[in-house]
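I opened a notebook for this structure. The entries below set down what I looked up.

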Amino acid sequence: MQPLHARYPFLAAAREAVETAAVDLGEVVATDEAVTERAVERVEHAITDGSVGDPHRRTRVELLSYPVARVLVSLVDTHVCTRKYAQAEAESAQERFSQEFAATTEFKSTSTERVSLDQLLAEFDLASAVTDAAEGYWVEVGTYLDLAADQRGDHWRLVNRPLADGRVRIGSEELHVLLKQAIRHRVAEGLPFQVPDPIADELDDEVERLNEVLAELDLTREIDTVVPELFPPCMQALLDKVQKGEHLAHHSRFAIAAFLTSIGMTTDEIVDLFNVNPGFGEEATRYQVDHIRGDTSPTEYSTPACSTMQSYGDCVNMDDLCERISHPMAYYEQKIDDAEDEELEDWRDENDDGEDEAAEA
Ligand code: SF4
């Protein structure tokens, strides 16, 4: 097991090293506290500060903590934890490889201890898709669209890019961002997975600890933010219909009401929103929303998953992000998470101005 594998545990060579060493994860979690502790740290940091924490000084502990962290994320089994974890592993990797690329260039040397750009491109099958340009690199359009899909900012839009022979020109820093994205996809691949019971039992306490960290986390910034521009396409379409006064079938009314409840809107706000629609009696709407919220029923109903939305014909206008999520809430969480704080502030200010104007009128 090499230090390089410990620093980049998502590499195929790192996985092979673990396989070759015939490591039994069940035995590791049962006997090696240092590995489990470092694995918990990886996930805890990912949730709280978007990093994976400081590496352990022992290569073996650091490397094995990665597969154990994936087991923990699978056991926690929530969108937000999986997403934050993959993001944090990718961020930390980008920090490391950017430094190592710089050192390799500076000292004109390659070292088995450092990862090189060519190595990472080959790892993610990008060697032929990325070629040198006079300034920066050319990237095949398909690869660019795949890896730049989640990037915010106009300069990432294809129309704002130099394009020639089916290739897009990007700068070195931008190539690092695309590589980070490839790493994020690799880390997220297959998560969450089914964990055998004996391993899950060993990790009961650790999973409980991570669930507590998640519960304490101020997710209100993510969830209690109503930004219709970031709603999933299905919910935007339903909201549009509501606002145009069109008739909505029961399942559609339920879906949009459950979604708006989940993102923190009060019953009064939802009733106000629905009241523009002549098809909604206020009492019936209030009753339905309270029912969904669990105020007038023993159950709190949640927003239907994409598969349910699809079966009712409520899934419309799917976009790239839809391909990677399975729940409208996951779509919205991801959009809010990707939005910069200032952008969210702007949206809030716009909403506040709108409310002030309405109050003055
Ligand atoms: S895939 Fe899911 S989030 Fe996207 S439009 Fe369909 S139901 Fe909505």
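Entry 1, the sheet. I took two strands as paired if DSSP finds at least two bridges between them. Helices (H or I, at least four residues) and strands (E, at least two) are DSSP runs, numbered from the N terminus. The model is predicted: local features need pLDDT of at least 70, side-chain atom pairs count only at pLDDT 80 or more, and totals for chains, interfaces and linings use all residues. Residues are numbered from 1 along each chain as its sequence is written, and side-chain values use heavy atoms, with hydrogens and water left out.

I found an open sheet of 4 strands in the order E1-E2-E4-E3, with antiparallel pairing. Its edge strands are E1 (130-132) and E3 (163-164), each pairing on one side only. E1 and E2 (residues 137-140) run antiparallel and are joined by 3 bridges. Asp132 stands opposite Tyr137 in E2.

I counted a contact as heavy atoms within 4.5 Å. Axes are lines fitted to C-alpha atoms, for helices over the stretch in contact, and angles run from 0 to 180 degrees between N-to-C directions. Helix H9 (residues 172-188) lies across E1, E2 and E4, at about 115° to E4.

Which residues does UniProt mark as "binding site"? The unreviewed entry lists Cys234, Cys306, Cys315 and Cys322; UniProt positions are in the numbering used here, feature names are shortened, and annotations may be inferred rather than shown by experiment. They span 89 residues in sequence, but no two of their C-alpha atoms are more than 9.9 Å apart, so they gather at one spot.

I then checked two of them for burial (buried is under 20% relative accessible area, exposed over 50%, partly exposed in between; 1.4 Å probe, protein chains only). Cys234, in helix H13 (residues 233-243), is buried at 10%. Cys315 sits in the loop between helix H17 (306-311) and helix H18 (328-338) and is partly exposed at 25%. Leaving out residues up to four places away in sequence, Cys234 touches Met309, Asp314, Cys315, Val316 and Pro328.

The largest has 67 residues, of which Phe10, Val43, Tyr85 and Leu179 touch the most other members. Helix H5 (residues 59-76) gives the largest share of this core, 10 residues. Another core, of 27 residues, lies apart from it and includes Leu230 and Ile263.

Technical notes:
Core = buried A, V, L, I, M, F, W, Y, C linked by side-chain atoms within 4.5 Å.
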